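Subject: Structure handover

Hello,

Here is the structure I said I would pass on. Please look it over first; my notes on what was found follow below.

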Amino acid sequence: MSLLDFEEAPDRSVRVVATDQDGRAVEQIIRISVTDVNEHPTDIQLTATALASDAPVGTVAASLSGFDADSGDVLTYTLVSGEGSHDNSVFVIEGNTLRTSQPLDSISKEALAVRVRCTDNGGLFVEKPFLVPIGNVIRIPPLITATRLTGEAGTSI
């Protein structure tokens with residue numbers, strides 16, 4: 001016995017045999033049409049890129065992918081509050097791309113916590129928390145060259 005699932009097969013055929021008490025049988029094939037129902041997205045994946053701690057505003061931090069059994073559904077992504085959303089304010093979502101919304105140079109964490117919601121055409125959704133890693137940038141100070149300076153009354157400094 002299998003479940004009826006529109007995405008698996010939009011219609012099914014069943015052969016029915018009816019036998020009376022005298023052993024006479026009649027057989028007929030019945031076609032069953034399966035109605036499509038909206039199923040909620042089942043998962044979200046975040047693929048992070050190497051995000052430098054000195055990344056400017058608008059830097060791509062990750063791409064988002066959602067999974068939904070309904071073919072043709074357009075999935076949208078939003079940042080939502082809840083468990084794991086501590087650093088949502090550091091990011092914005094454009095399409096399926098997570099981007100920085102502020103400079104990261106004042107953040108001293110190794111990763112930032114965001115919570116993403118993936119919503120389908122029918123308004124059904126799935127949510128999931130993620131950690132977005134931040135790499136450290138080694139800052140090399142500018143090269144300073146010494147020149148001979150003179151102070152008051154021609155004395156060398």
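Strands β5 and β8 run antiparallel and are joined by four bridges. In this pairing, Y77 stands opposite C118 of β8. Keep in mind that the model is predicted. Among the elements of the protein, β5, covering residues 76-79, has the highest mean pLDDT, at 98. The lowest mean, 85, belongs to strand β1, residues 11-19. For the protein as a whole the average pLDDT is 84, and 82% of the residues score at least 70.

Strand β8 spans residues 111-119, and seven of its nine residues are buried, so the strand is largely enclosed by the rest of the structure. Besides its bridges to β5, β8 is joined by nine bridges to strand β9, residues 125-133, and these two also run antiparallel. There, R115 stands opposite P129 of β9. The hairpin of β8 and β9 has five residues between the strands, and G123 takes a positive phi near 90 degrees in it.

Next, the open sheet. Four strands form it, in the order β3-β4-β7-β6, with antiparallel pairing. Its edge strands are β3 (43-48) and β6 (91-94), each of which pairs on one side only. On average, and with direction ignored, neighbouring strands of this sheet are turned by 25 degrees against each other. Within the sheet, β6 pairs with β7 (residues 97-100) over four bridges in the antiparallel sense.

Regards

How values were computed. Residues are numbered from 1 along each chain as its sequence is written. This is a predicted model: local features need pLDDT of at least 70, side-chain atom pairs count only at pLDDT 80 or more; totals for chains, interfaces and linings use all residues. Side-chain values use heavy atoms; hydrogens and water are left out. pLDDT is the predictor's confidence in each residue, from 0 to 100. Buried means under 20% relative accessible area, exposed over 50%, partly exposed in between (1.4 Å probe, protein chains only). Two strands pair if DSSP finds at least two bridges between them. Axes are lines fitted to C-alpha atoms, for helices over the stretch in contact, and angles run from 0 to 180 degrees between N-to-C directions.
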